[in-house]
Amino acid sequence: MQFLFQPLAWGFLLVLLPLLIHLINLVRHRRTQWAAMEFLLESYRKHRRWVWLKQALLIASRMLAVAIAVAMLAQWISGSRWLSLMGQTTVHHYVILDDSASMGDMASNGSAYQAAMGALQSIASNATNRDGSHLLTVIRTSRATLASPKAPSTETEPPAGTEKASGDSSTKVGAEEVAGSKPTEAPRPDMIADLLSRSVPADPTALLSKIKLTVPSSLDCDPSDALELIAPLLQQASNEKAIVYLMSDFRSKDWSNPTVIKQQFLSLPGDEPDLQLVDCAPDRHENLTLVSVQPQQEVLAAGVPALLNVSVRNNGAAPVRNVSVRVTAVDYSDRQSEPKPTAAFSGIVTDLPVVLIDRIEPGELVTRSVQVLFPRSGSHVIEAQLPPDPLQADNSARCVLDLQEGIRVLLVDGDPTGKHSFFFESALNPGGNAKTGLVMSREGPEYLRDTDVASLQNYACIILQAIPSLDPRALDNLHRYVSRGGGLAVFFGEQMSMADYLRYNSAWTKSLGGADNTTPLLPFSIKGAADLVTKAGETAPDLIADNHPIFEPFFGLSNSPFQFVRIQKFLEIENSAKGPASEAKDISEKANALAWKPVATLRNKQPIMIDHVVGEGRVLFALTALDRTWTNWPQDPTFVVASLKLVGYLSSFRSPETSRFAGAPMRWDFSSQEMLPEIQVLCPPTLGAGAKPSLSLNAIPAGDSSLQASLSAGLNPDSDETLRAILSAGNFEWWGITTQGDRIVKNIARNTPPLEGELAKIESVDLNRNLSGVKFAYRTSESLSTNFSLAGFANRNMMLMVLLLGLLMFEQWLAWSASYHVTTKRT
Amino acid sequence: MPDSKEYLHPDAIRRIASMELRARNIVEGFMAGMHRSPYFGQSVEFVQHRQYTPGDDLRHIDWKVWSRQDKLYIKQYEEDTSLRCTLLLDASASMSYGNGALNKFDYAATVCACLAYLTLRQQDAVGLTVFDQRIQSRLPWRSSRSHLQSIYRSLQQTTPKDKTDLKQVFREINETYPKRSLMVVASDFLGGEAQTLKSLAALKHAGHDILVFHIMDDDELDFPFNDATRFEGMESADQLTCNPRALRDGYLESLQRFLDRVRHACASAQIDYQLIRTSRSLDAALTAYLATRMAHMRKK
């Protein structure tokens with residue numbers, strides 16, 4: 001027999017109390033001399049058996065009543081097979097445990113995840129009290145999500161640069177990375193489940209000890225992947241009674257589109273599995289979420305002040321005043337630095353001025369800018385933190401600025417003297433104190449022919465100016481460079497002839513067979529140079545900018561910033577006025593056509609700048625020449641701004657990520673000639689741990705003279721530490737050793753998805769509506785636990801109570817019957 | 001003036017240690033409360049006339065009446081001989097039970113003392129026999145006032161003990177008292193009740209008038225015990241530890257059957273029977289005695 005309050009089991013000794021009292025009463029009897037013994041003995045002989053029986057029954061009923069009362073107080077949890085409510089021999093409890101970041105909400109007594117743990121304990125404890133054998137399967141949603149074929153892996157992760165350098169642009173794990181992912185091995189429950197079909201012993205403490213050590217992840221994950229995992233298990237075990245528990249916080253954001261999960265519930269195999277939705281979280285409360293920390297500009301370099309946007313959202317129901325955001329800059333430029341497992345960061349930590357937000361309305365997203373300057377190159381970290389609140393997971397965000405000494409830009413000038421590059425060189429590197437972080441290199445067209453793609457990839461972008469023709473090899477290099485995320489800008493020259501344009505039309509519009517992508521570099525045909533006719537009285541500016549990143553600084557101005565820009569000549573393209581999609585003839589051509597769009601037009605509606613997507617890179621065509629006979633734009637101040645934005649835009653497709661959401665795989669590619677393959681990863685500190693967890697990785701060869709070290713959840717993480725690291729948000733320090741013996745660090749930032757900060761809960765009415773047709777029971781974890789848990793305990797206690805009441809009534813009747821309560825009558 | 005019956009209550013009697021004073025107090029109080037003397041005069045006194053019937057003794061014909069009325073009437077007189085009253089007091093161990101003012105023996109002894117006083121006051125002869133399983137002491141009939149002191153002394157010196165064997169005792173009494181007399185038996189009749197009743201009937205057949213005072217204590221009649229009690233037999237080695245309330249009904253039923261048997265046996269043998277609680281006053285006993293005496297005298 002087991003009891004919830006085991007010490008109270010000593011109370012069973014009280015069972016002897018009625019017997020003891022009876023014996024004491026017998027010992028303490030009065031003695032009296034009695035004359036009429038014969039009548040007394042006669043009565044005794046006559047009633048002896050009945051009196052003894054009633055006395056025995058009375059004592060027994062009192063002893064039993066005491067035993068029942070003690071059992072109720074001590075909360076008897078075993079030996080109640082006769083109370084079992086289960087009709088089946090084997091009961092399989094499938095527990096889907098939501099361990100998304102919002103489950104760390106501490107608004108109530110303990111976190112929602114701890115409440116779920118309590119409910120899990122109750123289920124296991126209660127199972128031991130019921131009839132038949134019980135099996136327990138526990139699957140965490142984060143594990144199921146990461147193991148899902150939809151989840152990203154290091155193999156399927158696109159090369160760096162395909163994602164715009166924006167923490168906000170990365171979506172939840174496994175969503176954005178679906179495109180281009182290769183089919184992977186379907187996850188099996190035995191690889192994912194924390195407990196799989198484990199028999200529940202009489203004392204489930206040891207069984208649950210491991211799962212109880214887990215903490216909420218930093219992921220935003222729904223239970224659909226876990227449901228997919230248990231579906232085959234339900235199918236295989238058709239002879240078992242299945243109870244599916246979904247322990248979650250039931251936030252509105254997770255149930256806004258419940259079609260998929262509803263369908264999964266409806267299609268669960270088996271004989272109508274009992275579906276229990278267990279709500280573990282408190283109601284919505286005030287909460288601030290640090291949505292993102294991300295750099296404003298695309299061009300980031302050492303010594304150049306970087307502006308970062310810190311965004312905070314008020315997910316509560318009331319305005320919040322005087323919110324202070326603590327921003328920390330961590331400088332990792334010191335080459336003498338060592339890994340510091342006991343410190344929050346191994347770099348030099350500098351607290352920036354606190355960002356104060358005076359008021360945030362409910363639901364409002366407020367963004368403030370912070371300027372930070374890292375004088376030297378390195379993988380630097382910026383972390384922002386909100387004051388503590390019940391949900392800690394969304395109170396911090398960070399980004400990594402992999403700064404180099406300068407961003408290399410290649411200017412390829414068709415003129416040997418480089419006269420066409422003058423304007424760009426002046427705009428991008430003005431000299432003096434104005435540091436742009438850009439490093440110019442000017443080469444001739446032959447450089448493109450003689451070099452290779454790897455060399456070209458050292459440049460953030462390439463700007464071609466007045467190149468009449470290119471060698472096919474140079475063209476192939478350019479195509480490969482762009483396809484792999486490079487940015488290319490093409491400016492034509494004032495001296496180029498029609499023959500040059502025809503060469504463009506023939507060579508640049510071909511799909512290169514050897515290239516990574518078959519999209520041609522030039523998606524249109526050039527008809528030739530044309531003059532922009534100025535009509536009398538026409539006041540519209542010659543250049544009309546579209547909504548494009550390179551003109552972003554000019555957005556929202558009341559007057560056109562290009563008022564003084566004059567364009568005399570431009571290049572006409574075929575059917576330009578109809579737009580790219582309308583002139584497509586078939587699907588493939590249409591797809592190509594949709595890949596380019598005008599970003600600036602002339603007042604005659606002719607495109608003057610065209611943005612074209614090639615592979616993972618961009619080609620930006622300027623259909624004019626930077627010559628005063630064609631346009632005066634280079635002399636206009638807007639040219640400087642647009643040039644800087646153009647370089648930033650073109651280089652953004654290959655720039656390293658600054659941050660992503662937790663759970664995303666991490667990878668570091670490096671040259672085997674520069675670094676040793678052994679990598680040490682310092683993971684974010686875990687709560688209550690003294691030192692940061694450390695992982696040791698061995699990079700594997702990935703092509704010629706390159707190595708790749710990766711860290712992902714996959715199906716079989718190397719260890720619990722690896723898994724915990726993957727599920728965590730924070731800064732991951734990847735420490736390597738160069739072949740020269742120097743330590744080098746690369747930081748990778750992982751943040752909690754800001755959606756996890758939205759704590760509004762779905763109403764039970766909405767839940768019923770969303771899951772109409774699904775038979776389920778919705779209850780809170782408290783009710784599950786206090787019911788001891790569960791209905792079994794309630795029923796048992798209720799039955800014990802009824803039994804006790806019946807027994808006491810029987811005892812009263814028996815006592816009355818034994819003349820214990822009869823008033824004395826005189827004869 | 002206080003109610004004369006107050007002097008008859010056991011609580012009041014208990015305060016009087018001397019048996020003599022006790023008897024005088026009771027009897028005088030009892031007599032003072034009576035409106036008319038229930039007993040007839042002393043010596044030979046005319047009582048009444050009745051018509052002559054054949055067979056009557058001619059000596060009793062009142063010739064003076066015959067001479068005046070020419071009718072024969074018989075004169076009837078009071079007994080001129082003294083009444084012989086025998087007091088039989090049970091002094092067995094069971095008589096010592098009592099939780100009230102007087103235990104059964106004290107109560108019975110008081111009754112006997114009172115009856116002795118009353119009897120001698122009427123110039124009757126009274127004797128006393130105290131017995132348990134045998135006759136412990138015996139005082140012959142006497143009608144002198146000094147005999148009263150002997151009776152008092154004998155009552156005060158007697159201590160209840162031993163068992164009761166009324167059968168043997170009554171046989172001895174029957175043999176000891178050949179003349180017919182009024183026998184007053186004060187006992188609880190516990191122990192061998194069947195043989196006892198047979199012996200009583202035998203006494204009756206021997207020509208004695210018998211008045212039975214069945215002395216019972218309140219506890220014996222009501223059995224008011226509540227707590228666990230160890231009952232130890234006063235005339236036997238029986239012991240019983242029990243919850244008295246559990247046995248109460250059975251006990252009362254058994255007791256009632258016993259009382260019914262005694263009452264029925266007395267009624268069958270034309271024995272006057274009086275069940276007396278030790279908590280009640282003694283007037284019932286005295287009244288019963290006088291009524292029985294009158295009946296006894298009429299028969300004579």
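**Exercise 1. Why does Phe223(B) count as buried?**

Step 1: Count the neighbours. Phe223(B) has 24 C-beta neighbours inside 10 Å, so this residue counts as buried.

Step 2: Check the cut-offs. Buried means 20 or more other C-beta atoms within 10 Å of the residue's own, exposed means 12 or fewer, and partly exposed is in between, with C-beta atoms placed from the backbone.

Step 3: Find the place. Phe223(B) sits in the loop between α8 and β8 of chain B. Helices (H or I, at least four residues) and strands (E, at least two) are DSSP runs, numbered from the N terminus.

Step 4: Look at the backbone. Phe223(B) isn't a glycine, yet its phi is positive, near 50°. Most residues other than glycine have a negative phi.

A word on what you're looking at: this is a predicted model, where local features need pLDDT of at least 70, side-chain atom pairs count only at pLDDT 80 or more, and totals for chains, interfaces and linings use all residues. Residues are numbered from 1 along each chain as its sequence is written, while chains are lettered from A and ligands numbered from 1 in the order in which they are written.

**Exercise 2. Is Lys605(A) buried or exposed?**

Step 1: Go to the loop between β22 (596–602) and β23 (607–614) of chain A, where you'll find Lys605(A).

Step 2: Count again. Lys605(A) has 10 C-beta neighbours inside 10 Å, so Lys605(A) is exposed.

Step 3: Check phi. Lys605(A) has a positive value of about 70° and is not a glycine.

**Exercise 3. Which residues does Asp542(A) contact, leaving aside its neighbours within four places in sequence?**

Step 1: Locate Asp542(A) in the loop between β19 (526–531) and β20 (543–545) of chain A. It counts as buried because it has 24 C-beta neighbours inside 10 Å.

Step 2: List the contacts (C-beta atoms, placed from the backbone, within 7 Å). Asp542(A) touches Leu532(A), Val565(A), Arg566(A), Ile567(A), Leu602(A) and Arg603(A).

Step 3: Pick one. Arg603(A) is 61 residues from Asp542(A) in sequence, but their C-alpha atoms are 5.2 Å apart in space.

**Exercise 4. What does the side of chain B that touches chain A have, by class?**

Step 1: Count both sides. Here 31 residues of chain B are in contact with 27 residues of chain A.

Step 2: Find the elements. Those giving two or more residues to chain B's side are α8 (218–222), β8 (229–233), β9 (239–242) and α9 (244–268). The largest share, ten residues, comes from α9(B).

Step 3: Sort them. Chain B's side has 15 nonpolar, seven polar and nine charged residues. Ala, Val, Leu, Ile, Met, Phe, Trp, Tyr, Cys and Pro count as nonpolar, Asp, Glu, Lys and Arg as charged, and the others, Gly among them, as polar.

Step 4: Spot the strands. β1 (residues 30–34) of chain A and β8(B) pair (DSSP finds at least two bridges) in the parallel sense, over five bridges. Gln33(A) stands opposite Glu232(B).

**Exercise 5. How many residues of strand β14 of chain A are buried?**

Step 1: Take residues 396–403. Seven of the eight are buried, so β14(A) is largely enclosed by the rest of the structure.

Step 2: Find its partner. Strand β13 (residues 378–385) of chain A pairs with β14(A) in the antiparallel sense over eight bridges.

Step 3: Zoom in. Val381(A) has Val400(A) in β14(A) as its bridge partner.

Note on methods. Contact = placed C-beta atoms within 7 Å.
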